[in-house]
Every structure is written in structure tokens, then in C-alpha cells.
Amino acid sequence: MNSGSQYDVAIIGAGLSGLAAGIRLAHFGKRVCIFERHNAVGGLNGFYSLGGRKYDVGLHAVTNFVPAGVKGTPLGKILRQLRIDREAFGLCPQKGSRVAFGPRGETALKFSNDFALLESEVAALFPRQADGFRAIARFVRESPLSGRGTPASAREFIRTLVGDPLLEDMLLCPLMFYGSAREEDMDLDQFAIMFRALYLEGFARPLEGVRTMMRVLLEKYREAGGERRMKCGVRSIIAREGRVAALVLDSGEEIVATHVLSSIGSAETEALLGAAPAGPPRLGFVETISVLDRPPSDLGWGADTIVFYNDSHRFSYRNPPGQVDVRSGIICFPNNFEYGAGRGLREGLFRVTCLANYDAWVSLPEPVYRRDKLRWFAAIQESALRFLPPLGTADALDRATVATDMFTPTTVLHYTGHVGGAIYGSPMKNPGGRTALSNLYLCGTDQGMLGIVGAMLSGISMANQHILRG
Amino acid sequence: MTNDECKKAVLDIIADIAPDENLSSVKPDVRLRDQLQLDSMDFLDIVMELRKRHGIEVPEADYLRLASLDSCAEYLTPKFNALAAKS
């Protein structure tokens, strides 16, 4: 056997969870190698170049942001566990976001990194629900960061405290959009994690987006002695006697490792063992990106960081019957973070995300796919514009646009290998991270923690629990 | 190694694990958990850094012996000295 390919730990996937796990393991002397099929790191939170510009794949905002000095939070934990100086991530807080419901978003709740704003907005708009809302916040504050571990419905829980379905939907809309793999409802633990991440804590972004964070993680991993093999996917897992015996790479090379940590998803990992990818349907998304020749505020759009919108009587969070559901979505303006005096993005960015049906995108012939993308690009933006202050002239957005891009569930599948082009993975989470094989563990999306900070915490806690402790 | 040197070694580790904590006034006879924001992940790190930096093994059953600086010194100093004698 080639001893050069023998590791204490092999990690499948160089996304945030795999890198965070790798840093921990390498720091404590394990011989670690991360195998990544793509030629870039980051997975669902990577970045790419197009036409001389760099775009973030998934990042709208880093959730779970708290200012320096606030302790006992997920962000503080990952910084400590990875020995990263808080300043290195360069996180700049959001200006302010809102949930806008109704055909033109006339019913709105503003929120920011100061929870008191949301509290006062709820009290003003839903005076009879204010106590119930505070009780929800209390419940979340008292919930353990990793959840209570007993499956329950978030909607049923909210209904015991809040009697107005509009408030129920308005609170759930951002939490579902930013992390729910489940249709129409959330697991109560996931709800608590997301409520904390978005409302009790908040949004931030590094000036240069996710690549600032990736750089810090890669540097740490390298310093700790971790190895990384790019364009080097794992094709299959060979199991023997209830354990992983070897990993087979796309090249056919075999790798032996004492432990294997897979960040690629549970069904995706099972597929490496020969199982047919199965399970409930996944939620897909499309996103339109417009690069503008001026900051979005110069179009009269104000200073919103994120707008979560819905035009219908009830908020529907499910796989749409058609290609895209334009009734609801997320508008993100990466310009609208507090980058500090004299600092800002060189160009304006306007991103809109909507639910999309993978099956309706996946098998289209190329010309049809291109045509549909163009058609939906226009429809998505037209729908989103209803929730922003009106433009001076009808063609003002077109005239300010210097470049565009768009991803569909097919794009996500292509670059990340996630079944169904899913962003939030399987609706069935596996908080313990154990699998049928005794030395194979899951981390990342399907382990159950969410967002950028959650992904890193997932890698850290799985590495601690199964490998460093063991 | 003296008890004070041992406490210093433990404080050095905590300073690296939790740079956001103020360690200048840590009371040696009070549980670390009661005066600093340290959770179970942080205690696991103290144990692992002791192994990495000093070759000292702390079995899980003995984690409670690391509760305060005084108890750390009482438990760890003999281990440090036993290692030093061996080398």
C-alpha cells in the first residue's frame, strides 16, 4: 500500500464545514486531507469570477453576527475553536432589513442587528401579539445552541403563543428562506437556531464577501499542516465489516483513512456507497444578479440590506409547480452594510432569490434552458421591484445595469453535486452526524446547523465529538 | 515545576483559546467556569492543548480536576514533574 495516501482523517468536500473540521483536526496533530471535486473551495458558499468580476455563490449575509464582546454565541465559539482573530473576517454589520408582505409590501416589519427594533415593530403592527412574540424570543434565548433534540413543528409552537397567521408567516418567511430544507414548516430546533441567527443576532458581511473568510480559513488550515487535493472528487466508498475501508477517487486512486468526515450531504454520501439517491424532494432556488454602475441607493432604493417579500394571502414555502415561484423571494443589496467611512463596493449589486423547481429545470435542451433563464430573469426582477421604492423612470434599472448573471438549481447541482440542486440539503437532518459505518460521519448542511457560521460550527463539533474526543 | 509555573502554563493555554477573556484577575481558588465564559468545548481544548504542548494526558474522568487554577496545579504539577523526570 502507498503510505502517502494514508490519513488519520479524510474529509470529503472543501466547503466551510469541511475546512473548519480540517483546521481543528490538523491543529491537534491529525494527518488530514480534504478532497474536493471542484477546482475552487467554498462549496455552497464559494465565489467565482465572470467577466473580470468576482461573485459570491451563496452569501447574502453572514448570519449569527454579534459585535465584539458578546459571549457565548455561535460566532464567538467558532472564532475560539479555530483560533481566528475576530478582525480577520472583517465583518461589517447590516444597515437594516425588512419583511414586506402584501401585493406592494405595504405590511412591513423592519429588523436590524438590534433586536429591540423588531420588538417595537411587532408591538406597533400586532399590539395584541406583542406578549406572545416576546415569549417566543424568550424560548429561543433559553434553547441550547445545538437544539433540544426533540422533533416538533415550529408552526404549532408559534400558534400556542401568537394568534395572528400574518405575524406567524412574516416571522417564518426570512427564517425559512435562509435555511429551511422543509416545505411549509420548520422543525422547532431549526426555527430556534434561525430565529437566534437572524433576529436575536444579525447580519454582517466582509467588504470583499465570502472570499475574505475563505482566505482566512485556507491560511489557518495550511499553517496547521492540513493537506488539500482539488479537482479530486471521491467516486465511491468501499465498506468492509461496518467500516469505511477505503475511498476511491475519481482518478481510481484508493485512499485509506482511519476516519472519514463527509460534508457532501447524507443521500450524496450514501450514493458513494452505492445507494440510489432517494428521499423527499429538495427545495431549489434561482437567483438573479445585476451589477449596477451606481450604488442601489442612487436609484432611489434606500438603504435596505435584505428584503424578504411575499405578495400573497399566506406565505407558501414549497417546491413550486412551475419553474419559479415569483410570489415571494429575497432581495439582497450587498452594498448596504456599514463598511466604514470611504469604504464600499466599487459597483452596485442587486440580487433576487426565488424558490425554483429542480425537475422543471434539469432536463431542458440547452436553447430552451437559456431562453427560460432570460424569461424568468425579467419576471423575477419585475416581481421584486414591487417591494422597492419606485424607480424614477421605467428603464432606470436597465440603464444602470452593466452585467448580469443567474443561477438555477441545475447550476447548483453542477458545481456542488447536491441532489436536486438543493441549497439547504435534505429535510431530514442528522444532528449526531453518525452513519451506518462506524468511522464515517456527516458534517455540513445535512448535519443540521445553518448558515456560514452554522456550517463552520458543524464541522468543528463533528470533529470534536467523533474524532478528537474519541 | 512549581504550582505557580503550572498555573501560568494553564493560563497561557486559556489566553490562546479565549483571547477575548480578561485573565489579569483570575482568582485561583474560584472555578474557572464561574469567572470566565468557558464552555465544554473550551475545556476540551484546554485538555487537548495540554497534550499537544506538554504531552500531558488528562482522561475524561479527571476533567473535573481542572475546575480552578488551584485544582489544576494540584492535579497537573505532579504530571509535569513526572514527565520532566522521565526525559
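Q: At about what angle to E6(A) does helix H6 of chain A run?
A: This is a predicted model, in which local features need pLDDT of at least 70 and side-chain atom pairs count only at pLDDT 80 or more, while totals for chains, interfaces and linings use all residues. Residues are numbered from 1 along each chain as its sequence is written, and chains are lettered from A and ligands numbered from 1 in the order in which they are written. Helices (H or I, at least four residues) and strands (E, at least two) are DSSP runs, numbered from the N terminus, and angles run from 0 to 180 degrees between N-to-C directions, with axes fitted to C-alpha atoms, for helices over the stretch in contact. Helix H6 (residues 165-177) lies across strands E6 (97-101), E7, E14 and E15 of chain A, where contact means C-beta atoms, placed from the backbone, within 7 Å, and its angle to E6(A) is about 125°.

Q: Which strands stand at the edges of the open sheet in chain A?
A: The sheet has 7 strands in the order E7-E6-E14-E15-E16-E13-E17 with mixed pairing, two strands being paired if DSSP finds at least two bridges between them. Each edge strand has a single partner strand, so one side of it is left without a neighbour in the sheet, and these strands are E7 (107-111) and E17 (401-407) of chain A.

Q: Which residue in E15(A) is the bridge partner of Phe308(A)?
A: Strand E14 (residues 306-310) and strand E15 (residues 324-332) of chain A run antiparallel and are joined by 5 bridges. In E15(A), the partner of Phe308(A) is Ile330(A).

Q: How are H4(A) and H7(A) oriented to each other?
A: Helix H4 (residues 130-142) and helix H7 (residues 188-201) of chain A have axes 9 Å apart and pack at about 110°. Angles under 35 degrees count as roughly parallel, over 145 as roughly antiparallel, 65 to 115 as roughly perpendicular and the rest as oblique. The two helices, H4(A) and H7(A), are therefore roughly perpendicular.

Q: What is the radius of gyration of chain B?
A: Chain B has 4 helices and 0 strands. The globule rule (2.2 Å times the number of residues to the power 0.38, with the radius taken over C-alpha atoms) gives 12 Å for 87 residues, and chain B is close to this, so it is as compact as a globular protein of that length, with a radius of gyration of 12 Å.

Terms used. Contact = placed C-beta atoms within 7 Å.
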